[in-house]
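Please keep the sequence and the three-dimensional view at hand while reading.

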Amino acid sequence: MSQDAVDSKSEQIAAEIRDAIRQGRLERGILYSSRELGERFGASRTPVREALLKLADLGLVKIERNRGARVLGQDGRGIVDLCSLRVLLEPPACRSAAAVMTSRDDEAMLAEYRIMERTADGGAEYFAADERLHELILEASGNRRLAKVVNELRQTLALDGRHSVPRYQTVDTALKDHWDIIDALRKRDGVGAERAMRKHLVRSGDLLVAHSSDDNRGLVAEWRRWVSVSVPEGDQVIY
């Protein structure tokens with residue numbers, strides 16, 4: 001197998017392992033051997049090993065030498081790190097996308113939003129459309145590497161983020177946030193799109209960080225510091 005094929009297979013396996021953790025088919029705290037994971041996901045040891053290294057970099061598993069990988073969850077520290085990166089990267093990308101989007105992009109965004117409206121129960125179909133909507137916007141920005149990085153952040157946060165809807169905020173609130181983003185993009189209002197995306201990410205980040213641990217005052221303060229850094233001078237986050 002060529003290195004390109006190994007890389008492609010390892011990315012596929014990494015995504016499948018993330019989904020399995022999210023769905024509870026791989027349990028947090030449990031140690032899984034590379035052989036066991038290879039049999040489960042239909043892959044040889046090499047792409048499985050590389051997939052686990054990718055997931056270890058994201059803090060989702062801990063590699064235990066000669067034993068396998070133990071599934072982890074994000075702690076409060078990890079959630080702050082991930083939310084901070086998203087709020088620093090995704091709003092400017094949204095502003096960039098507004099300058100180059102086409103009517104075809106508008107139709108694609110609306111299609112995903114309609115799915116979210118139709119399946120407004122916080123279930124798997126709703127979140128799949130949510131992910132595709134964000135991916136569309138990031139890809140439209142034209143920066144493929146940024147889109148890839150943010151997509152990995154979203155995939156990692158999704159293991160915890162799905163608990164925020166509808167557990168800590170209503171689906172109606174999340175839908176309103178997404179509509180504001182889409183509306184600004186359709187109007188090619190880059191500044192408005194950036195603000196709407198930042199508002200959405202800050203709201204979600206506030207919920208995730210607030211519920212990340214029992215004693216999280218320091219984490220909340222650090223998260224808010226990163227939020228203030230992400231806001232251009234003279235602007236503010238409005239809920």
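A residue is called buried when its relative accessible area is under 20%, exposed when over 50%, and partly exposed in between, with a 1.4 Å probe and protein chains only. The model is predicted, so that local features need pLDDT of at least 70 and side-chain atom pairs count only at pLDDT 80 or more, whereas totals for chains, interfaces and linings use all residues. Residues are numbered from 1 along each chain as its sequence is written, and side-chain values use heavy atoms, with hydrogens and water left out.

Of the 239 residues in the protein, 47% are buried. The secondary structure consists of 10 helices and three strands; helices (H or I, at least four residues) and strands (E, at least two) are DSSP runs numbered from the N terminus. Along the sequence, these elements follow the pattern α-β-α-α-β-β-α-α-α-α-α-α-α. Contact denotes heavy atoms within 4.5 Å. Among contacts between residues at least 6 apart in sequence, 69% join residues at least 24 apart.

The three strands make up an open sheet with antiparallel pairing, in the order β1-β3-β2. Two strands count as paired if DSSP finds at least two bridges between them. Strands β1 and β2 are the edge strands, each pairing on one side only. Helix α3 (residues 45-57) packs on this sheet and touches β2 and β3, its direction making about 125° with that of β2. In general, strands of a sheet pair through backbone hydrogen bonds, either parallel or antiparallel.

Between β1 (residues 31-32) and β3 (residues 68-71) there are two bridges, in the antiparallel sense. L31 faces R70 of β3, and Y32 stands opposite A69. On the other pairing, β2 (residues 61-64) is joined to β3 by four bridges, again antiparallel. Here I63 has A69 as its bridge partner, while E64 is partnered by G68. β2 and β3 form a hairpin with three residues between them, and N66 in the turn has a positive phi of about 65°.

Attention now turns to a pair of helices. The axes of α8 (residues 171-186) and α9 (residues 190-210) come within 7 Å and cross at roughly 160°; axes are lines fitted to C-alpha atoms, for helices over the stretch in contact, and angles run from 0 to 180 degrees between N-to-C directions. The two helices are therefore roughly antiparallel to each other, a label for angles over 145 degrees. Residues making the contact include I181 and L185 of α8 and A196 and M197 of α9.

The cysteines complete the picture. How many disulfides does a search of the whole structure find? The search finds zero, a disulfide being a pair of cysteine sulfur atoms within 2.5 Å. C83 counts as buried because its relative accessibility is 6%, and C94 counts as buried at 0%.

Definitions and conventions. Parallel < 35°, antiparallel > 145°, perpendicular 65-115°, else oblique.
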